[in-house]
Amino acid sequence: MFHLVTDYAADLKREFNGYGPTALRKDFLSGITVAAVALPLALAFGVGSGADAAAGLITAIISAFIISALSGASFQISGPTGAMTAILVPLAARYGLDTLFAASLLAGLMLILAGLFRLGNLVYFLPSPVISGFTSGIAIIIALGQAGNLFGVTLTGNNALERVASMVQRGVTPNWYSLAIGLFVIVLMMLWPTKLGARVPGSLAAVITATVLSAVFELPVQDVGAIPQTLIHTNRLTLTSLSQMQPEVILLPAVSIAVLCMIESLLCGAAAGRMKGERMNADRELVAQGVGNLLLPFFGGVPATAAIARTSVAIKSGCQSRLTGIIQGVVLLLSMFLLSPLMSQIPMAALAGVLMVTAWRMNEWESIRYLCIHKFKGGISKFVITMLTTVLFDLTIAIAVGVLFSIAIFVIHISNLQISVSELDSKRLELPIKASRHIQVVYITGAVFFGSLEQLEAGLAQADADVLILSMRGVPFIDTSAVAFLLDYCREQQNKGVTILFSSIQPTVKDMLDRAGITDVVGSNSYYFNAKDAILSHLQE
């Protein structure tokens, strides 16, 4: 705990060293730009989470003040995200908002503990195809979850698949006005010029235009509804509702929220850190995210995480310090008080269109194309399995399945041990004389462990000579099962009068052979730099 505080103080001192009016102006303009991007997304993600637009706006504001201030980097922008909605929608539909809030609070505690125990680097052990897979799975869930708002109909079901299935089974007739507005927003966002988007976000322009058209023509579509001008929502977590929660109900959702927040925030920090040339303190970032998600439920906000899109906008807009995130929060707060009557008229279909485009852009298309173009079958399998598991089950199960599948593929891959037995070739090794005894060199390449023991045994069975030289330059690792087998093998061969020598052995492997007692059996003078030295030494004897 103490090291986090001292690191935070040191980072703040370094961050604001020489900070002046020029830097403040850049932070101010960057904060306004990020707020313009965050406003429509906050409203959309609030609705997409199973709460309402006000909850999304409150989440963005509180996150800007708390998480930005405590963040492990100067550039992180946090708030409601599309990825989080995939977890929250089924949770809210099945158990209600009180359970969602309680799960967020528990997830916040988990994140704080993860930061305090320095678990910030665990996320980097996730294979990239697994990350791409659950990201695409979440994108599918978001898109399916917005089908009702896009078509202007009410759907039933506890998750996105059930809701879409109910629409197909019931043969629901869409509200064509809602569908038209949603498609208009999608097309406008997709065609919005990149250069213009640097000044006016396409999502903001599309939502404003759709709202104006809906109001002018008085279209019969569902709108967002009243947005309260307060940071304390009527639907929020209270101590009374918290005391009524069942731990077994909120535990798994809380783990899913915490895991997703960890992955999204740390990967965002790593990617954005490369853009800005600044390294993020991963453990302090987890604590910051934990504190934010711990407090958000008491304001009526939904769980938050770092957002790569808004963070990259901040950096490209000239972000100098964490004040960018805080200024963004001030702008959003002013928008809540000044623009809430206008925001209440935003069509739900327009926000559905925003989420549809967001879901499309969430996919890591470059990584997916790379896997397919280069025909990496293992990577493609990890991606597809994780994506399908995310859609059919949930994020926690998907990550576990993806990681276990990756480990299985890795074990199978490294179990491919290559062994070749070569007869002594005096000319090739440039030996001065021919050996009087039959000498063979056994070349072993690959990790030698329990998974490759059968191949090792089969390869050594091919060797039949008076002197066997085990060349192990290509062996990076050997485990206890393998050294136990080699110990028995060396004893057996010595009983037959066969001399066992080792060459080109790695230091870590040599240490394992020493500890296993193999060196005591073959002798400490049985190790050589290469096979030639071993043969020459034997000939001299």
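## Thr-386 and its surroundings

The side chain of Thr-386 places a polar atom 2.7 Å from the backbone oxygen of Lys-382. A polar contact here is a pair of N or O atoms within 3.5 Å; within protein, one must be able to donate a hydrogen and the other to accept it, and residues adjacent in sequence count only if both atoms are side-chain atoms. The model is predicted: local features need pLDDT of at least 70, and side-chain atom pairs count only at pLDDT 80 or more, whereas totals for chains, interfaces and linings use all residues. Residues are numbered from 1 along each chain as its sequence is written, and side-chain values use heavy atoms, with hydrogens and water left out.

Thr-386 belongs to helix α19 (residues 377-392); helices (H or I, at least four residues) and strands (E, at least two) are DSSP runs, numbered from the N terminus. With a relative accessible area of 0%, Thr-386 is buried. Buried means under 20% relative accessible area, exposed over 50%, and partly exposed in between (1.4 Å probe, protein chains only). Beyond its neighbours within four places in sequence, Thr-386 is in contact (heavy atoms within 4.5 Å) with Val-130, Gly-133, Phe-134, Ala-398 and Gly-402.

## Nonpolar cores

A nonpolar core is a set of buried Ala, Val, Leu, Ile, Met, Phe, Trp, Tyr and Cys residues joined through side-chain atoms within 4.5 Å. The largest one has 95 residues, and Leu-57 and Ile-138 have the most contacts inside it. Helix α2 (residues 21-48) supplies the largest share of this core, 11 residues. Another core, of 30 residues, lies apart from it and includes Ala-463, Met-472, Ile-478 and Val-483.

## The five-stranded sheet

Five strands form an open sheet in the order β3-β4-β5-β6-β7, with mixed pairing; two strands pair if DSSP finds at least two bridges between them. Strands β3 (418-423) and β7 (527-528) stand at the edges, each with a single partner strand, so one side of each has no neighbour in the sheet.

Strands β5 (residues 467-474) and β6 (residues 499-503) pair in the parallel sense over five bridges. Leu-470 has Phe-502 in β6 as its bridge partner. Helix α22 (residues 480-495) packs on the sheet and touches β5 and β6, its direction making about 135° with that of β6. Axes are lines fitted to C-alpha atoms, for helices over the stretch in contact, and angles run from 0 to 180 degrees between N-to-C directions.
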